[in-house]
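User: I am new to this structure and would like to learn how to read it. Please show me the general idea behind each feature and then the case at hand.

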Amino acid sequence: MDRENNSRTEIVSISKSRFFNDIIKEAYLTNSVSINEISNLNSLIFTVEYFDNSGNILKQLGDSRFYINKADTSSKNFFYPKFKIIDKELIYYQFSSIYNNSEIFIVLGYLLPDNFSSNGVLLTSVKKSLEFTTPIGEDISFGIFIYYLLFSIPMVLLAILGSFIFSDEIVKPLADIEEAIKKVAHGNYSYRILSKKKNEFNSLIRAFNNMIKEIEKSRNKLKHTEQISTWQDIATRLAHEIRNPLTPIKLSAQRVLLKSDNNVITTKHMETIITEVTRMEKLLNEFRDFARFPKLNIERVSIKETIEESLAPYNTIYPNILFDTSAVEDFQVDIDKNQLIQVISNLTINGIHAMEKEGVVKYISEVVQMKSVDYCRVTIKDNGKGISSENLPNIFKPYFTTKYNGSGIGLAIVNKIILDHKGKIWIESALNVGTTFYFEFPKDAI
């Protein structure tokens, strides 16, 4: 009976271990933990069963021959009577826990060592014999030795088990970090280490995840810069190759038009040629601007005045559109004013085209702090037709456009300007709801 009580004490102690509870919770919520991994924590745990508060089975792990299948949920922490199934003796301990705001009853099947009952009877008989035997010399000494030997072996086993658990607390986080390093080395920069435990390794894992996040951001910026450089080279070559034949085509069409003697068909076709050549010249000018982007000319300016100056041309041209600047805060920033005006103008034109005839474009400027650095964040929001989710990932790529007469250069230039200001730009949009552009950059020159 003493050995059975020791086993009961041990299983209660295991059930209160935070580490053990993390493992069995993960086993319940996911399929990533098996009964073998739980048995590694204590080799005598044979089954784990989960029940709802009505005693119905939710999940079972282990040998199905040893399931109890129906729980008594009238009490939370108690032992079921000892069972003997086939040639195994088990005791079952039930306790409860809260998973996802629901009370779950967990029943642990704990396997008693082979010949547990017979050994217990033998131990009891030895103890009684020692109690009623005359304490004579070597016999008593031998009995005491046997008595303590039988109890010391479980304690030694528990000590060994404790060392394994302690080892797992250290070895597993290191193994996770090693695995993460391998994945990052193979190019998976989105990998993150998950850790639910609060221990000494938590800060190390958090620092590692932050490092990978920064590497991923830097890599994406470098990739984008390389893309911009490639497209700039293409734009330069394209502008050069196309511009040469355009001039004689346009001049020839103009001469034919002058000598057409008002022939309707000739006039119509020549005017079409001249119009399309003019449009291509405009497109080539945009390519040239994209390929030969000027260096930054940083100066101290008012963000509110810069936004208002950007909107001045549109207030009279589009009387049915409200350009709302009531949420624009006034503060000084270090920027290239002309380039920032180009950003705001470009995003404003996008909003105007999205709303077609009437609507509201709202502007917000504010100071936000990140990692002890003040950033200027500008928001431009329209209530136009929005952008589909499949087009959003491509919206800042050079030469991508959804407009019939669009060049796909505008937003690529906007993105480059913000990147040159050591900032970032992102977008939120929903069809028939509207589009919001956000961009931010350091308020003061870095």
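**Reading the helices**

Analyst: Helix α10 (residues 410-420) is mostly covered, with 8 of its 11 residues buried. Buried means under 20% relative accessible area, exposed over 50%, and partly exposed in between, with a 1.4 Å probe and protein chains only. Helices (H or I, at least four residues) and strands (E, at least two) are DSSP runs, numbered from the N terminus. This is a predicted model, in which local features need pLDDT of at least 70 and side-chain atom pairs count only at pLDDT 80 or more, while totals for chains, interfaces and linings use all residues. Residues are numbered from 1 along each chain as its sequence is written, and side-chain values use heavy atoms, with hydrogens and water left out.

User: Which residues in α10 are buried, and what follows α10?

Analyst: The buried residues are Leu411, Ala412, Ile413, Val414, Asn415, Lys416, Ile417 and Ile418. After α10 comes lysine 422, which has a positive phi, near 60 degrees.

User: How should I read the crossing of α8 and α9?

Analyst: Axes are lines fitted to C-alpha atoms, for helices over the stretch in contact, and angles run from 0 to 180 degrees between N-to-C directions. Angles under 35 degrees count as roughly parallel, over 145 as roughly antiparallel, 65 to 115 as roughly perpendicular and the rest as oblique. Here the axes of α8 (residues 303-317) and α9 (residues 337-355) come within 9 Å and cross at roughly 50 degrees. The two helices are therefore oblique to each other. Their crossing is right-handed, a term for the near helix being turned clockwise from the far one by less than a right angle, whereas anticlockwise is left-handed.

User: Which residues of α8 and α9 meet?

Analyst: Contact means heavy atoms within 4.5 Å. On the α8 side are Ile303, Thr306, Ile307, Glu309, Ser310, Leu311 and Tyr314, and they meet Lys337, Leu340, Ile341, Ile344, Ser345, Thr348, Ile349 and Ile352 in α9. The residues of this contact divide into 9 nonpolar, 4 polar and 2 charged. Ala, Val, Leu, Ile, Met, Phe, Trp, Tyr, Cys and Pro count as nonpolar, Asp, Glu, Lys and Arg as charged, and the others, Gly among them, as polar.

User: Is leucine 311 buried or exposed?

Analyst: Leucine 311, found in helix α8, counts as buried because its relative accessibility is 3%. Not counting residues up to four places away in sequence, leucine 311 touches Phe323, Thr325, Ile344, Thr348 and Tyr363.

User: How many helices and strands does the chain have?

Analyst: The chain has 10 helices and 13 strands. Buried residues make up 36% of its 446 residues.
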